[in-house]
Every structure is written in structure tokens, then in C-alpha cells.
Amino acid sequence: MNIWTILGLIILSYMAFNVVLSFRLRNKNLAIIAEKKVFYKDIDNEKFDNIPNEQLIKAIYYQVWNIEDEDFEHVMENLTVGQRNIFTIYQVESVANDRRLGFEYIYQTNYTNYIKEAFKAIEANAIVELFEKIDQIQIELSKQRFDDEEEIEIPTYYELKEKYKEIAFEIKLNELCIKYIRDNKKDFINA
């Protein structure tokens with residue numbers, strides 16, 4: 001065997017090792033998620049009170065994901081108001097933190113109609129104002145399509161996404177969510 005064949009075999013072995021390792025990590029993560037979904041499917045008073053604040057939001061996500069698994073098409077209708085508010089915020093956060101998705105994706109989902117209500121509920125008024133501004137931009141964009149002569153200065157969805165992340169950090173969004181969950185315990189008790 002020549003040096004290039006040996007080098008090629010080393011590279012292929014390295015790549016195969018990384019593929020196997022990534023599958024093992026992925027399967028381990030999926031197993032952890034499945035375990036937590038089972039644990040948080042039913043939350044009673046005692047379990048709720050014993051969930052540490054740093055795990056509380058995730059616990060509610062697992063609870064909602066169980067409901068979503070049962071009826072994906074009607075998940076938003078099957079949630080309590082509190083679950084829906086936290087899940088809506090989770091969805092917005094997911095889009096905001098995903099480099100692949102533009103902020104306009106939010107307007108193509110089944111939780112679009114609940115966004116302002118969810119952020120109002122946790123008293124994140126600056127984010128409500130941002131989404132009101134985004135709604136106005138949507139209206140202006142639809143008008144602009146019909147009136148090509150008038151060019152309007154409109155921030156990009158990337159700019160809006162960055163503004164959202166900045167506001168979420170400033171107002172300590174996670175702390176507001178935790179406070180909301182603790183204050184509305186009855187919406188998250190299902191056992």
C-alpha cells in the first residue's frame with residue numbers, strides 16, 4: 001500500500017468513528033428526553049413544588065410535548081392557557097435562537113395568533129410592542145406589494161430577530177416565565 005491509500009484509510013476510519021460517536025450521543029440525548037417526557041407527563045402539586053426553578057420551564061416543555069404527541073393537529077387547543085403561553089414563548093425562542101430560521105417563520109406557524117397574548121401574560125411588554133411593530137410591518141409590506149411606487153424603509157427580519165433577542169436578555173425573559181409558571185400553578189397541574 002502506498003502512503004495515499006494509508007492516509008485515505010486513516011481519514012475514512014476517523015470519519016466513521018465520528019459518525020458512530022454522533023449517533024451514540026444523539027441516541028443518548030433522545031433517551032434522556034424520552035425519560036423526562038415520561039417523568040413530567042403528569043405533574044401534581046408535590047412534583048410541581050419540588051421542581052427547581054432552573055428546571056421548571058423545561059419541565060413544562062416536556063409536559064406540553066406529551067400533549068403534542070397525543071394530538072399534534074390540535075395541540076394549541078388542548079393546552080391550558082398557561083401551558084399555551086409558555087409553549088408559545090418557547091416556539092418564538094426556538095426561532096429566535098435558530099440560525100437557520102428567519103424571524104418571518106413565526107408567521108407561518110400554528111401559534112402565531114397567541115404570541116402577543118403570551119408575552120402580555122408574563123408582562124413582557126417590550127416584546128409585545130416589538131410584535132405590534134412587526135404586525136405593522138406586515139401590513140406595510142402587503143400594501144407595498146400593491147403600490148410599487150412608494151418605497152418604505154422597513155427593518156429586515158434579521159434586525160427584528162436581533163432586537164427580540166436583545167429585549168429578551170434585558171428583561172430576563174426566563175425569570176418572567178418562571179414567575180408566571182409559579183404564579184399560575186393551577187394551569188400546570190394535571191395529575
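# Helices and charged pairs in a predicted model

R84 is buried, with a relative accessible area of 13%. The model discussed here is predicted.

Me: How many helices does the protein have?
Reply: From the N terminus on, the elements run α-α-α-α-α-α-α-α-α. There are zero strands in the protein. The number of helices is nine.

Me: What percentage of the residues in the protein is buried?
Reply: A residue counts as buried when its relative accessible area is under 20%. The protein has 191 residues. The buried ones make up 35%.

Me: What share of the contacts with a separation of 6 or more is between residues 24 or more positions apart?
Reply: A contact means heavy atoms within 4.5 Å. Taking the contacts in the protein with a separation of 6 or more, the share from residues 24 or more positions apart is 63%.

Me: Are α3 and α5 roughly parallel or roughly perpendicular to each other?
Reply: Helix α3 covers residues 53-70, and its axis comes within 10 Å of the axis of α5. The two axes cross at roughly 100°. Angles of 65 to 115 degrees count as roughly perpendicular. The relation between α3 and α5 is therefore roughly perpendicular.

Me: Which residues in α5 meet α3?
Reply: On the α3 side, the residues in this meeting are I60, Y61, Q63, V64, W65, I67 and E68. Their partners in α5 are Q83, I86, F87 and Y90.

Me: Where does K41 lie?
Reply: The side chain of K41 meets that of E70 in a salt bridge of 3.4 Å, N to O. The pair links distant parts of the chain, 29 residues apart, and E70 is in helix α3. K41 lies in the loop between α1 (3-40) and α2 (45-50).

Me: Is E70 buried or exposed?
Reply: Exposed means over 50% relative accessible area. K41, its salt-bridge partner, counts as partly exposed at 35%. The relative accessible area of E70 is 55%, so E70 is exposed.

Me: What separates K163 and E166 along helix α8?
Reply: K163 forms a salt bridge with E166, the closest N and O atoms being 3.4 Å apart. K163 is partly exposed at 38%, and E166 is partly exposed at 40%. Because they are three residues apart in helix α8 (residues 157-170), K163 and E166 are separated by about one helical turn.

Me: Why does E93 have no salt bridge?
Reply: Side chains of opposite charge can pair when their charged atoms come close. E93 is buried, and the nearest side chain of opposite charge, K165, is away by 9.1 Å.

Me: Which side chain joins E93 in a polar contact of 2.6 Å?
Reply: E93 lies in helix α5 (residues 81-96). Not counting residues up to four places away in sequence, E93 touches A168 and L173, among others. The side chain in the polar contact of 2.6 Å with E93 is that of Y164.

How values were computed
Residues are numbered from 1 along each chain as its sequence is written. This is a predicted model: local features need pLDDT of at least 70, side-chain atom pairs count only at pLDDT 80 or more; totals for chains, interfaces and linings use all residues. Side-chain values use heavy atoms; hydrogens and water are left out. Helices (H or I, at least four residues) and strands (E, at least two) are DSSP runs, numbered from the N terminus. Buried means under 20% relative accessible area, exposed over 50%, partly exposed in between (1.4 Å probe, protein chains only). Lys and Arg count as positive and Asp and Glu as negative; His and the chain ends are not counted. A salt bridge is a side-chain nitrogen of Lys or Arg within 4 Å of a carboxyl oxygen of Asp or Glu. A polar contact is a pair of N or O atoms within 3.5 Å; within protein, one must be able to donate a hydrogen and the other to accept it, and residues adjacent in sequence count only if both atoms are side-chain atoms. Axes are lines fitted to C-alpha atoms, for helices over the stretch in contact, and angles run from 0 to 180 degrees between N-to-C directions. Angles under 35 degrees count as roughly parallel, over 145 as roughly antiparallel, 65 to 115 as roughly perpendicular and the rest as oblique.
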